[in-house]
Amino acid sequence: MFKPSDKKNYLISGIFISVLLVVVMVTVFMLNKENPLFSSKVYISTEVKSAQNLKEGAAVQLRGIKVGSVKSIDFKDLDTLIITIGVTEKYSTWIKQDSTMTFKTQGVLGDKFLEISGGTDSAPGIKDGDVLATNEASQIDHIITKSEDLVVAAGSILTKFDKLVSSIEDRRLDKILSNIESLTANSNKVMMSLNDKNLGQSLANLKASSESISRMTKRIEEGPGTLHALIYDQGLHEDLRSLVGGANRNKVLKFFIRESIKKEDNK
């Protein structure tokens, strides 16, 4: 007889095992999707002098499609390595026996993989034990070609720079350098003068002038004084208008003319 507590424990254990099985199945499914574990494979190989940092498990591609992976890398002798490749069987008919393989690089880290290319339609598809040729020199040639291009470009740049420098006469070059040196010296003098006491004195004079103008303006505004009267005294304003303006101006001028005539007659 099972106790109620035993039934509860069995139920919990069953649920735990079920969940664990589901997790395992999902994991296997995901792994199988990326690297089919249970699919049939065709194993082929290639012989190379250098693995070029290729790792076991590295991808093998055919026209950008992953068709297999590197199973192992072993020594055949001191000069030869045998790379064994597992290819998913469904792709075997599309990989011809006269196809070749090439080392390729992918990603920022420069992971190596093998690219299968070439082959003819009339050639049979691969089968277990076939050995495909690997074009090892192509990658090296590519690097060498790129290096040569860089060397040529660098040489061209240096040649142009040499021509540019050579086109400048020695005397002219000396003059240019002398002018640059003179300009630098003058710039230093200007900078030093800005830091000299003259700058402080000029600022002090400017401040004193500004304060003096401020005092004068305040004195004119508050008075007394002629300028204050001219600006703010309405009576003086009217007198000036009488002196220089219209009919009143004539009366004032006539008065001064008569007085002048009288003084001349008395003499």
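Which residues lie nearest the centre of the largest pocket? They are Leu-62, Arg-63, Trp-94, Lys-96 and Gly-118, out of 14 lining residues. The model is predicted: local features need pLDDT of at least 70, side-chain atom pairs count only at pLDDT 80 or more, and totals for chains, interfaces and linings use all residues. Residues are numbered from 1 along each chain as its sequence is written, and side-chain values use heavy atoms, with hydrogens and water left out.

A pocket is an open set of points on a 1 Å grid over the protein atoms alone, where a 1.4 Å probe fits, with protein on both sides within 12 Å along at least five of seven lines; lining residues have an atom within 4 Å of a point.

| Lining class | Residues in the lining of the largest pocket |
|---|---|
| nonpolar (Ala, Val, Leu, Ile, Met, Phe, Trp, Tyr, Cys, Pro) | six residues |
| polar (the others, Gly among them) | five residues |

Strands are DSSP runs (E, at least two residues), numbered from the N terminus. Strand 6 gives the largest share of this lining, three residues.

Seven strands form an open sheet of mixed pairing, in the order 1-4-3-2-6-5-7; two strands pair if DSSP finds at least two bridges between them. Strand 1 (41-48) and strand 7 (133-134) are at the edges with a single partner strand each, so one side of each has no neighbour in the sheet. Strand 2 (residues 59-62) runs parallel to strand 6, paired over three bridges. Leu-62 is opposite Ile-116 in strand 6.

Thr-84 is part of strand 4 (residues 80-88). Thr-84 counts as buried because its relative accessibility is 19%, the cut-off being under 20% relative accessible area with a 1.4 Å probe, protein chains only.

How values were computed
Helix = DSSP H or I, 4+ residues; strand = E, 2+ residues; numbered from the N terminus. Buried < 20%, exposed > 50% of the residue type's maximum accessible area, 1.4 Å probe, protein only.
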